[in-house]
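Here is a short briefing on one protein chain. Read it with the sequence and the 3D view side by side.

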Amino acid sequence: MLKKNAKDTRLRYPFLFFIILFVGVSCNQSIDTKINNSIQDLIEKYPQLTADKKSDKGREFKFNRSVREGKFNFEIRLYSQEEGYKNRNHILVFINNKKEVYALPLFNNKYRDYWQFPFDKPIPKVPKISTTFSKEFNIAIDSLIKNSDRRKSFKRSILIYETLNAALSSKNISEKDSVMIYKILRGSYDIPDENIDSAKVRLRKNYELMKRQWQAYLDTNCFFDQENKRVYQVEYHGNKIEIKVYRMDYGMHYIYL
């Protein structure tokens, strides 16, 4: 009788293994399908994401990196167009512990209305975006963290920090970094030419506005995104957040003689 039970156990284990493997693969496929659908829906809603390239929509956005937050089991994925692509855009995808997905657009800096850059005017002939970065981030939070969650404010702070600091590889900055903020010019070839002196004035104004809301007791208030040449400043207003975004680049092109 004991030998029969042992034999039955050996027969059951491979079957159980394949069931676990099948469930795992099915779950991954389900998440990938949700993410792909979310990206496709986002592109349909904001065709400006692919406006500069003729290709199969969505396929030009390649997986870039993933950040996992272990305490609350959040995942943040960054999808990007290829490096060197003019007017390069990105997409952030958030996944909560219930495998719910929300995709958020990261337009390049020529879409000034989306980022609400201070001291900037819209670029002529650039299509306007019907939303803003702050609005999209609040929608993502409300979609993935329910109001009934008593730790929503803490989860929200963690999600913001992981997104800006890790997913976008931004660096925390404080008032001691003032020289880096308003004296270093960062050229960009993807936006119209700008006067250097005017750009310096704008950077100085950025700094003066930024330092009014600097939170010396926190290290999560300002983040410098060097790759995209932006500074994000987070402010909390009750159940909502405001992310002020400062443009740190200026338009320039080579002059060939």
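A residue is called buried when its relative accessible area is under 20%, exposed when it is over 50%, and partly exposed in between, using a 1.4 Å probe and protein chains only. At 0% relative accessibility, Tyr-232 therefore counts as buried.

This is a predicted model: local features need pLDDT of at least 70, side-chain atom pairs count only at pLDDT 80 or more, and totals for chains, interfaces and linings use all residues. Residues are numbered from 1 along each chain as its sequence is written, and side-chain values use heavy atoms, with hydrogens and water left out.

Helices (H or I, at least four residues) and strands (E, at least two) are DSSP runs, numbered from the N terminus.

**Aromatic rings**

- Rings of Phe, Tyr and Trp (its six-membered ring) pair if their centres lie within 6.5 Å; planes under 30 degrees apart are stacked, over 60 edge-to-face, and the rest tilted.
- This rule gives 16 aromatic pairs.
- In one of them, Trp-115 and Phe-117 have ring centres 6.5 Å apart and planes at 20 degrees, so they are stacked.
- Trp-115 is buried, with a relative accessible area of 1%, and Phe-117 is buried too, at 6%.
- Trp-115 also pairs with Tyr-232: the centres are 6.3 Å apart and the planes are at 50 degrees, so this pair is tilted.
- Trp-115 sits in helix H2 (residues 112-115) and Tyr-232 in strand E8, so the pair ties together parts that are 117 residues apart in sequence.
- One aromatic cluster includes Trp-115, Phe-117 and Tyr-232, and among its other members are Tyr-46, Phe-94 and Phe-107.

- Two strands pair if DSSP finds at least two bridges between them.
- Strands of a sheet pair through backbone hydrogen bonds, either parallel or antiparallel.
- E2 and E3 are antiparallel partners, with 6 bridges.
- In this pairing, Tyr-79 stands opposite Ile-91 of E3.
- E3 also pairs with strand E4 (residues 101-106), again antiparallel and over 6 bridges.
- Here Phe-94 has Tyr-102 of E4 as its bridge partner.
- E3 and E4 make a hairpin with 5 residues between them, and Lys-99 in the turn has a positive phi of about 65 degrees.
- Is E3 enclosed or open? 6 of its 6 residues are buried, so E3 is largely enclosed by the rest of the structure.
- Both faces are covered: His-90, Leu-92 and Phe-94 are buried on one side, and Ile-91, Val-93 and Ile-95 on the other.

- Gln-81 lies in the loop between strand E2 (74-80) and strand E3 (90-95).
- Gln-81 is buried, with a relative accessible area of 2%.
- A polar contact is a pair of N or O atoms within 3.5 Å; within protein, one must be able to donate a hydrogen and the other to accept it, and residues adjacent in sequence count only if both atoms are side-chain atoms.
- The Gln-81 side chain makes such a contact with the side chain of Glu-60, at 2.4 Å.
- The Gln-81 side chain also reaches the backbone nitrogen of Asn-89, at 2.7 Å.

**The open sheet and its helices**

- Which strands form the open sheet? There are 4, in the order E5-E7-E8-E9, with antiparallel pairing.
- Strand E5 (171-172) and strand E9 (240-247) are the edges, and each pairs on one side only.
- E5 is joined to strand E7 (residues 222-225) by 2 bridges, and Lys-171 has Phe-224 as its partner in E7.
- Contact means heavy atoms within 4.5 Å.
- Axes are lines fitted to C-alpha atoms, for helices over the stretch in contact, and angles run from 0 to 180 degrees between N-to-C directions.
- H4 lies across E5, E7, E8 and E9, at about 175 degrees to E8.
- Buried residues of helix H4 (residues 152-167) include Lys-152, Leu-159, Ile-160 and Ala-167.

**Pro-192**

- Pro-192 is in the loop between strand E6 (186-188) and helix H6 (196-212).
- Pro-192 is partly exposed, at 42% relative accessible area.
- Leaving aside neighbours within four places in sequence, Pro-192 contacts Ile-123 and Gly-251.
- The C-alpha atoms of Pro-192 and Gly-251 are 5.2 Å apart, although 59 residues separate them along the chain.
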